[in-house]
Amino acid sequence: MEFLIRWTLSLLLLLIVLLPAGCAVNPVTGQQELMLLSETDEAQLGRSTDRSVSEQYGLYEDEQLQTYVQSLGQPMALSSHRPGLPWQFKVMDSEVINAFAAPGGYIYVTRGLLAAVNNEAELVGVLGHEIGHVTARHSAQQYSKTMLTNLGLQLGQAFGGSYGDLLGPVVQSGAGMLFLKFSRDDEREADALGIDYATRVGYDASRTADFFVTLQRQASLDGGDGQRLPDFFSSHPNPGEREQTVRALSGKVQALSPGRSYRINREAYLRRIDGLVYGKDPRQGFREGDWYYLPQHRVKLPVPKGWSLEREGNNLQLVHPQKYAVALVSIRPQSRMDQEIAAFFKGTGARVQQERRLSTDGMPTRLFMSLLGDGQKRAVVVSRFFQKDADVFAVHSLTGEAAYATLGEVAQLPGKGFAVMTDPDKINPRPQRIAIRTAARASTLEQLLAEHRVSRELWAKVAWLNGRQLSDRIAAGELIKIID
């Protein structure tokens, strides 16, 4: 009951604060629409989301690449329907092919998307699409609808409906704005706006359709067992449909300015991404046997046998095979243990039963056993907070109260085994990178990859990255991506 009262009071407070926003005029359509967020609220929400993105997912550490992407997005933003927003364009350090728009003018693309793109025109088209979401206030519209029934991002599915509803406060992410689903009409409108914005600044917007072809081919990698389309594209119109639509719309827009030439800039783009980290970066973390290593922080933790492990930004989730227990690990760079402890108990409402101060490999450690419940279900949470240099690590082991006697020990294994890394081979793993090579002579892509001694296992993926087939002819002097 206490949980329900807190939830209801929070909802009422939000409504009291936001209802005065009422109706607003859409900057793109000029029509009145129901909007629970004023532009001031939208800007504040965008700043909050941006902080969460940086904390939870991290930005790619390449200042020149960040500046380059910013330079491509800014001209479109300034020519858009909302030029006065404090537009920012950032590259996230993730291998997933994705792009996001947060309210207030914050646009994100991943390094995984940059690896899949083959020229500036394609990237500008993606950035223009995200600008369109912001100018048409799609995030604000969707948030207005969603906030009435869902106050945060939850990963509670891990418990299949048993104790998952108790997990929301434990793993709630301030970056939840990035995971709102847009309608297909919103996506089509953003496509049209992106074409308009890209064309205004002189890029060939039809090249965005080539990116949709890349997405279609991704699903068939490795004989049909390749990665599925990322979540970002799950609510979008089918990539094949979008390809045809984008080519048609681009043709109509370009026809309005006959004789004008439009930029593609393939070579300039490829040279910019030379050296880009590709795929999972083992320096951020990797699993080997029954251990998960975090080389950047020089710590490691054991994974219980048979348990699955997933990572989302700076959060790890380890799940019992039958989903009867879970261990949640959070990484909080540049933080203090006392602050994280206070935030955890304030956010969850967990009731402390026991508390101890410890030391783990020289790391100050705090141990808590607490109860978490909503009046109907109760779970036991054993939390360990570790302070290592400027970073805080929290390991929360959670089981149903009845299952604690049998599963409590194994659920605590990641926290009990948390330790400092000392193996030099694990501390400095080498990530794969995109390398740009010049074809010395005309040949097929397959011949070129053999000449550059690219592993045969990577050939299909490299062909996909270049938007080519292995049998395609490559001209002498042409630039090609390989994985090094």
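Seven strands make an open sheet, in the order β10-β11-β12-β16-β15-β14-β13, with antiparallel pairing. Strands here are DSSP runs of E, at least two residues; helices are runs of H or I, at least four; both are numbered from the N terminus. Two strands pair if DSSP finds at least two bridges between them. The edges are β10 (308-312) and β13, and each pairs on one side only. From one strand to the next, the twist averages 15 degrees. For such angles, axes are lines fitted to C-alpha atoms, for helices over the stretch in contact, and the angles run from 0 to 180 degrees between N-to-C directions.

A word on the source. This is a predicted model, where local features need pLDDT of at least 70, side-chain atom pairs count only at pLDDT 80 or more, and totals for chains, interfaces and linings use all residues. Residues are numbered from 1 along each chain as its sequence is written, and side-chain values use heavy atoms, leaving out hydrogens and water.

Back to the sheet. β13 (residues 351-360) and β14 (residues 363-373) run antiparallel, joined by nine bridges. Val352 has Ser370 in β14 as its bridge partner. The two strands form a hairpin with two residues between them. In that turn, Asp361 has a positive phi of about 50 degrees.

Now the cores. A nonpolar core is a set of buried Ala, Val, Leu, Ile, Met, Phe, Trp, Tyr and Cys residues joined through side-chain atoms within 4.5 Å. Buried means under 20% relative accessible area, exposed over 50%, partly exposed in between, with a 1.4 Å probe and protein chains only. The largest core has 66 residues. Leu113, Leu114, Leu127 and Phe211 have the most contacts inside it. Helix α5 (residues 120-135) gives the most to this core, seven residues. A second, separate core has 21 residues, including Phe393 and Val395.

Last, the rings. Rings of Phe, Tyr and Trp (its six-membered ring) pair if their centres lie within 6.5 Å; planes under 30 degrees apart are stacked, over 60 edge-to-face, the rest tilted. The whole structure holds 10 aromatic pairs. Why is the pair of Phe344 and Phe345 edge-to-face? Their centres are 5.0 Å apart and their planes are at 80 degrees, so the pair is edge-to-face. Phe344 is buried, at 9% relative accessible area. Phe345 is buried too, at 14%. Phe386 and Phe418 are stacked, 4.3 Å centre to centre with 20 degrees between the planes. Phe386 sits in strand β15, and Phe418 in the loop between α15 (413-416) and β17 (419-420), 32 residues apart.
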